[in-house]
Structures are given as C-alpha cells and as structure tokens.
Amino acid sequence: MTKTVLAVDDMFCEHCVNTITKAVGALNGVSAVAVDLSAKTVTVEHDSGKASIDKIKLEIENQGFEVND
C-alpha cells in the first residue's frame, strides 16, 4: 500500500469531508481516506497499481475541488 497526501485548499466543512471521503473511498484499490480540514489535506492509502495518484486527483476534481500540486 502507498500513502499519498494531497493538498486541497477549497475544503471548508463536513460536507466537503464526506463528499471526498465517499468518492475517493469508492475507488478500486483505495483502503483508507482521511481528510484534515485544518491542514487542507487528503491522505489516501491505496494500491498504486489499481488506484493511481492521477486517478485519485481526478476523482477529487470531479467532485468540484481543486488539488494543488
């Protein structure tokens, strides 16, 4: 498993947390998602062969958030 931390600045509330957690958590190969509102980060534990970083970023962006590189 790979642990990836992504910066997502435009998260403001529990709805944002729930939206990202549910969407990213549903991806094949993702085993855990932790959203930290105060740090503006999303930490994802995933099998990089099944859920690439690009795929995770795209899913977050599809939910209306911007991932900062």
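1. How many bridges join S2 to S3, and do these strands run parallel or antiparallel? The count is 6, and the two strands are antiparallel. Note that this is a predicted model.

2. The S2 and S3 hairpin has 4 residues between its strands. Lys40 takes a positive phi there, near 60°.

3. Leu6 has Val42 in S3 as its bridge partner.

4. S3 is mostly covered. Of its 6 residues, 5 are buried.

5. Now the core. The largest nonpolar core holds 18 residues. Val8, Met11, Ile20, Val24, Val42, Ile56 and Ile60 have the most contacts inside it. Two or more residues come from each of H1, strand S2 (30-36), strand S3 (41-46) and helix H2 (53-62). H1 gives the largest share, 4 residues. As a general point, nonpolar side chains in soluble globular proteins tend to be buried together.

6. Look at Ile56 in particular. Beyond its neighbours within four places in sequence, Ile56 is in contact with Leu6, Val24, Leu27, Val44, His46 and Ala51.

7. Thr19 deserves a check. This residue lies in helix H1, residues 14-25. Is Thr19 buried or exposed? Thr19 counts as buried because its relative accessibility is 19%, and the cut-off for buried is under 20%. Setting aside neighbours within four places in sequence, Thr19 is in contact with Gln63 and Phe65.

How values were computed. Residues numbered from 1 in each chain as written. Predicted model: local features only at pLDDT ≥ 70, side-chain atom pairs only at ≥ 80, totals over all residues. Heavy atoms only, no water. Buried < 20%, exposed > 50% of the residue type's maximum accessible area, 1.4 Å probe, protein only. Contact = heavy atoms within 4.5 Å. Core = buried A, V, L, I, M, F, W, Y, C linked by side-chain atoms within 4.5 Å. Pairing = 2+ DSSP bridges.
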